[in-house]
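Open the model in your viewer and keep the selection panel at hand. The stops follow one after another.

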Amino acid sequence: MVLAPRLQTSGQWHADAMKISVVEGDITCQDVDAIVNAANRAMRGGGGVDGAIHRAGGPEILEQCRRRFPTGLATGDAGWTTAGDMPARWVIHVVGPNYNRGERDRGLLTSCYARALQVADDLGVQTMAFPLISAGSYGWPLDDAIAAADEVFRTATTNVREARLVAFGPRAFTAIESRLGSGGDR
Ligand code: ADP
């Protein structure tokens, strides 16, 4: 696959037909078709971005998680619920590897992004926002967490038109911006 050069326009970058962008903020406020949740295997809510999404979306997210994922979800996999009271229509939940607990297979992290895009395609999603999966309490090193996302975004075959990385704070924003702006490892 030949990758088109990434062009910088108004702080946003293009890889093939999918726009890859970064914003600093709270993923629960993003006005996109789907937001991605860094959930855990139990799929019953948690801390970090998972807690924020359940709080902002309201109880229907947990109700759907119980119904749709009675035994939870495997690490590296993705599944959807609706988004309740949030501006987005869908939440695509993924389970990242817990680096702090020794889950260091990078393929499980890239699988989260790839599976999230597949689920998005199943739902007809065109715009989606991602947190940095596993880069919070699960402890995946920040720069590699960003690189994993960027690699999948640049190589995935998908109908999604925009993948927006939501940086929760200035440190993550600067690190993402520098990765996207540099064109990664090309
Ligand atoms: P994990 O357990 O997969 O590490 P966390 O929720 O602890 O999940 O963190 C994942 C990433 O999400 C981290 O980069 C964290 O800073 C970020 N994050 C936490 N809350 C939010 C939020 N409301 N919006 C966007 N990103 C968030």
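Select His93: it sits in strand S6 (residues 90–95). Helices (H or I, at least four residues) and strands (E, at least two) are DSSP runs, numbered from the N terminus. This is a predicted model, where local features need pLDDT of at least 70, side-chain atom pairs count only at pLDDT 80 or more, and totals for chains, interfaces and linings use all residues. Residues are numbered from 1 along each chain as its sequence is written.

Why is His93 counted as buried? Because His93 has 28 C-beta neighbours inside 10 Å. The cut-offs: 20 or more other C-beta atoms within 10 Å of a residue's own make it buried, 12 or fewer exposed, and anything in between partly exposed, with C-beta atoms placed from the backbone.

Show the contacts of His93, leaving out residues up to four places away in sequence: Asn37, Ala39, Met43, Leu73, Ala78, Gly79 and Thr81. Contact means C-beta atoms, placed from the backbone, within 7 Å. Then draw a distance to Asp50, 43 residues away along the chain: the C-alpha atoms are separated by 8.9 Å.

Now select the whole of S6. Six of its six residues are buried. In a regular strand the side chains alternate between the two faces of the sheet. Trp90, Ile92 and Val94 lie on one side of S6, Val91, His93 and Val95 on the other, and all are buried.

Strands pair if DSSP finds at least two bridges between them.
- S4 (residues 34–39) runs parallel to S6, joined by six bridges. Look for Ala39 opposite Val95.
- S5 (residues 78–82) runs antiparallel to S6, with five bridges. Here Trp80 faces Ile92.

Next, colour the largest nonpolar core, 58 residues, in which Ile35, Ile92 and Met128 touch the most other members. Helix H3 (residues 106–123) gives the most to this core, nine residues. Such a core is a set of buried Ala, Val, Leu, Ile, Met, Phe, Trp, Tyr and Cys residues joined through C-beta atoms within 7 Å. Centre on Ile35: beyond its neighbours within four places in sequence, its contacts include Ala83, Met86, Val91 and Met128.

Turn to the ligand. Surrounding it are 20 residues, the closest being Ala38, Gly48, Gly136, Tyr138 and Phe168; near means a C-beta atom, placed from the backbone, within 6 Å. Helix H1 (residues 48–57) gives the most to this shell, with four residues.

Finally, zoom out. The chain has five helices and eight strands. Of its 186 residues, 44% count as buried.

Methods
Two residues are in contact if their C-beta atoms, placed from the backbone, lie within 7 Å.
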